[in-house]
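Visitor: I would like to learn how to read a structure like this one. Could you take me through its features in turn?

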Amino acid sequence: MNSIYFIINPQAKNGYCQKVWRKLESILLEQQVSYLAFFTEYKGHAKEIVQTIGSKTEGKKVVIVAVGGDGTMHEVMNGAVSFPHIHIAFIPGGSGNDFSRGFHIPRKPTKALMELLHSDEDHTTLVDIGKITNEEKKELYFINNIGAGFDALIAKEVNKSKMKRIFNRLSLGKFVYVYFLLKNLFFYKPTNITLKVDGVDRTYRSAWFVAVSNQPFYGGGMKISPHASPVDGILNITIVHQLSKIKLLFVFITVFWGGHTRFKEVASFTGRSVHISSNRPLCVHADGEDIGTTPVTITAYQKHLPVLLNNIMNEEEGKTNESY
Ligand SMILES: Nc1ncnc2c1ncn2[C@@H]1O[C@H](COP(=O)(O)OP(=O)(O)OP(=O)(O)O)[C@@H](O)[C@H]1O
């Protein structure tokens, strides 16, 4: 494989990713793979590195591998989106790694690398992504999902908290979201959320959050949108509304296996464009990263991003049978 670039977030999983990289590096040396490695130094750096590589390599295919968590992948894909010659890949080194789950990439970093080294041209899949436009007409893309409301508030708090480090150290990274959910549950006030899905308005009273998904998983393994597929050109929308705090806790447990969709307070449907507005500004996350507040518009971009996947995905996989 020619021109392979690794972008490593040394801070992913609170520094554990450095250990991951050392293992990967020894395999690369052993296998005599020629590559270039860049380490991110601050938030947003991965996107800048990708854009620099993209503009210097125009016209020839390059592979850029994100090594880190979902936030690193989010930045890498946002940098790559305007350079069709960049094919991206992912090696999990973060705390949540929902991208690995949703795109069938091995959870073990060394296994993901071996699969990558043994993949060829045929393993590039053009996957869907979502474009987000906010009030200031700023554009951003996501590959996993976007959420507005209670879930985004939790993501924001998790990302800035020291608790994440403690949970990661105890190998309990997944439970940090549970901790913040419980912490915020009793103070959070649900709000009215209006969705315009493919031009049709729907208002949900007393809504906790809305998630728009390109693949099933978010928040470190929660199956929020069991039927979402990143190769069907469709966005899967899940909104949780008019639910007591106690019942929310109960429904939350069922999210880990996707059982929440059976509750009447959980509405699921599909669309290609979604406008989210609310009667007070709500936190919004994209791929687990805080990106501001509502209102936002999300548009599906079908088969838009070349991603190296060993388990090539097809349109039938995870196809939804619910419709708006
Ligand atoms: N050198 C750095 N110092 C501090 N933050 C960084 C650095 N490099 C990248 N970041 C930021 O670290 C944040 C977290 O990265 P990432 O999501 O990859 O790891 P994670 O949070 O451990 O994993 P996950 O999102 O899968 O739970 C991202 O917002 C990214 O922009």
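**Reading the domains**

Guide: The C-alpha centres of domain 1 and domain 2 lie 25 Å apart, where the domain bounds come from an automatic or database domain assignment. This is a predicted model, in which local features need pLDDT of at least 70 and side-chain atom pairs count only at pLDDT 80 or more, while totals for chains, interfaces and linings use all residues. Residues are numbered from 1 along each chain as its sequence is written.

Visitor: Which residues belong to domain 1 and domain 2 of the protein chain?

Guide: Domain 1 covers 4–119, and domain 2 covers 130–302.

Visitor: How many residues of domain 1 are in contact with domain 2?

Guide: Two residues are in contact if their C-beta atoms, placed from the backbone, lie within 7 Å. Here 17 residues of domain 1 are in contact with 21 residues of domain 2. On the domain 1 side, the largest share, six residues, comes from α3. By class, that side of domain 1 has six nonpolar, seven polar and four charged residues; Ala, Val, Leu, Ile, Met, Phe, Trp, Tyr, Cys and Pro count as nonpolar, Asp, Glu, Lys and Arg as charged, and the others, Gly among them, as polar.

Visitor: Which helix gives the most to the shell around the ligand?

Guide: Helices (H or I, at least four residues) and strands (E, at least two) are DSSP runs, numbered from the N terminus. Helix α3, residues 70–80, gives the most to the ligand shell, with four residues. By class, the shell around the ligand has three nonpolar, 13 polar and six charged residues.

Visitor: What does the secondary structure of the protein chain come to?

Guide: The protein chain has nine helices and 17 strands. Its radius of gyration, taken over C-alpha atoms, is 19 Å, close to the 20 Å that the globule rule (2.2 Å times the number of residues to the power 0.38) gives for 324 residues, so the protein chain is as compact as a globular protein of that length.

Visitor: Why does S277 count as partly exposed?

Guide: A residue is buried if 20 or more other C-beta atoms, placed from the backbone, lie within 10 Å of its own, exposed if 12 or fewer, and partly exposed in between. S277 has 18 C-beta neighbours inside 10 Å and therefore counts as partly exposed. S277 is found in strand β14, residues 273–278, and, leaving aside neighbours within four places in sequence, S277 is in contact with T194, T294 and P295.
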